[in-house]
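Please have a look at the structure before I go on.

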Amino acid sequence: QNSVLKVVKSSTTTQVTAANQVVPYSFAVSNLGNTTLTGITVSDAKCDAAPAYVSGDSNADNKLQTTETWTFTCSHTVSQAEIDGGGTLSNTVTADSDQTGPTTSTVNIPINQNSVLKVVKSSTTTQVTAAGQVVPYSFAVSNPGNTTLTGITVSDAKCDAAPVYVSGDSNTDNKLQITETWTFTCSHTVTQAEVDAGGVLSNTVTADSDQTLPTTDKLNIPIAGSPALSVVKSSTTTQIANAGQSVPYRFVVSNLGNTTLTNISVTDAKCDSAPVYLSGDSNNDSQLQITESWSYTCSHTVSQAEVDAGGNLSNTVTADSDQTQPTTDTLDIPINQNSVIKVVKTSSTTQVTTAGQ
């Protein structure tokens, strides 16, 4: 007598790609000896349920004849731990009978690991309008691959402080599962240099993990530059009284916009000489900051023609910069005309002495 039992395990699945993938297994149990076998059992620890007999017992006698091959099947649901482990999905079926010792068959199915990290940067701010504006950022870090990710880091050079984890680790295991999205936040305080540069506030977040290469996302927020120059002209003189009177003027130039202004110029045709800078450039950088007001002075000597014309001594100052159109301010000072004529009568005769003199 020669009692021999054989089992061959197979699957239509050639590659494991995701947790919860259902892998079907088929077990072909045959009798290679010369005796009928009884008490056939088939077991596989990786089966979700015990292998089920399908076919092969042609005479339905529950005995494995030498001419028969019985088929059993089961399935296995892939776990996340198996995907994370990589390598192969390896498991062994064991067949046994009353007449033989156990016999086994192993199938190895390659596990295709695909570790992918994704980060998406967003902000509730849609436009940058001023230096000192605080822009909040939110970073959504997700796992679109098939493996659990560890050692998650998020960095952004534009953050005032390192991004802070907010939520998403639902099982608090410090591992980014494929079902999770973690949220981090930070904020950025806009600088005057960024507003002056215009364009967009552009910065990039970088996320990384132990299993992946770094991945990035960039967010551009438009910067609304609004340069505005103001000039106000004043004088301590309230009335023009006569020709030759010297009228002092003061010009205060201010930056009412959100950008630094350069190449400031102040002109006034009525000044006896070009307006002279007096004060205001607190950091001496020759740039008009939004916090500064610069003062200039000049004087005007009233002409006789201006007094004769009457009305007002009216003149206009013009201020300009590289970033703005010229802006003006006009000051009218009333001219007080005082028209007086005087006659003086004289004679060389000092005494009247006769008729006909």
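Predicted model: local features only at pLDDT ≥ 70, side-chain atom pairs only at ≥ 80, totals over all residues.

Phe72 counts as buried, since its relative accessible area is 9%, where buried means under 20%, exposed means over 50% and partly exposed is what lies in between, calculated with a 1.4 Å probe on protein chains only. Residues are numbered from 1 along each chain as its sequence is written, and side-chain values use heavy atoms, with hydrogens and water left out.

Now to the ring pairs, for which the rings of Phe, Tyr and Trp (its six-membered ring) must have their centres within 6.5 Å, planes under 30 degrees apart being called stacked, those over 60 edge-to-face, and the rest tilted. The count by this rule is eight aromatic pairs. One of them joins Tyr53 and Phe72 edge-to-face, with 5.7 Å from centre to centre and 75° between the planes. This pair links distant parts of the chain, as Tyr53 belongs to strand 4 (residues 52-55) and Phe72 to strand 5 (residues 69-77), 19 residues apart; strands here are DSSP runs of E with at least two residues, numbered from the N terminus. Tyr53 is partly exposed, at 42% relative accessibility, and ring pairs connect Tyr53, Trp70 and Phe72 into a cluster.

Which kind of pair do Tyr165 and Trp182 form? Their ring centres are 5.8 Å apart and their planes stand at 75°, so this pair is edge-to-face. Here too distant parts of the chain are linked, with Tyr165 in strand 12 and Trp182 in strand 14 (residues 181-189), 17 residues apart. Trp182 is buried, at 6%, whereas Tyr165 is partly exposed, at 37%.

Turning to charges, a charge sits over a ring if NZ of Lys or CZ of Arg is within 6 Å of the ring centre and within 35 degrees of the ring normal. Lys9 lies over the face of Tyr25, 4.1 Å from the ring centre, and the charged end of Lys233 sits over the ring of Tyr249, at 4.1 Å from its centre.

Finally, the loops: Asn174, between strand 12 (164-167) and strand 13 (175-176), has a positive phi of about 60° although it is not a glycine, and Asn174 is exposed, at 61%.

Definitions and conventions: Helix = DSSP H or I, 4+ residues; strand = E, 2+ residues; numbered from the N terminus.
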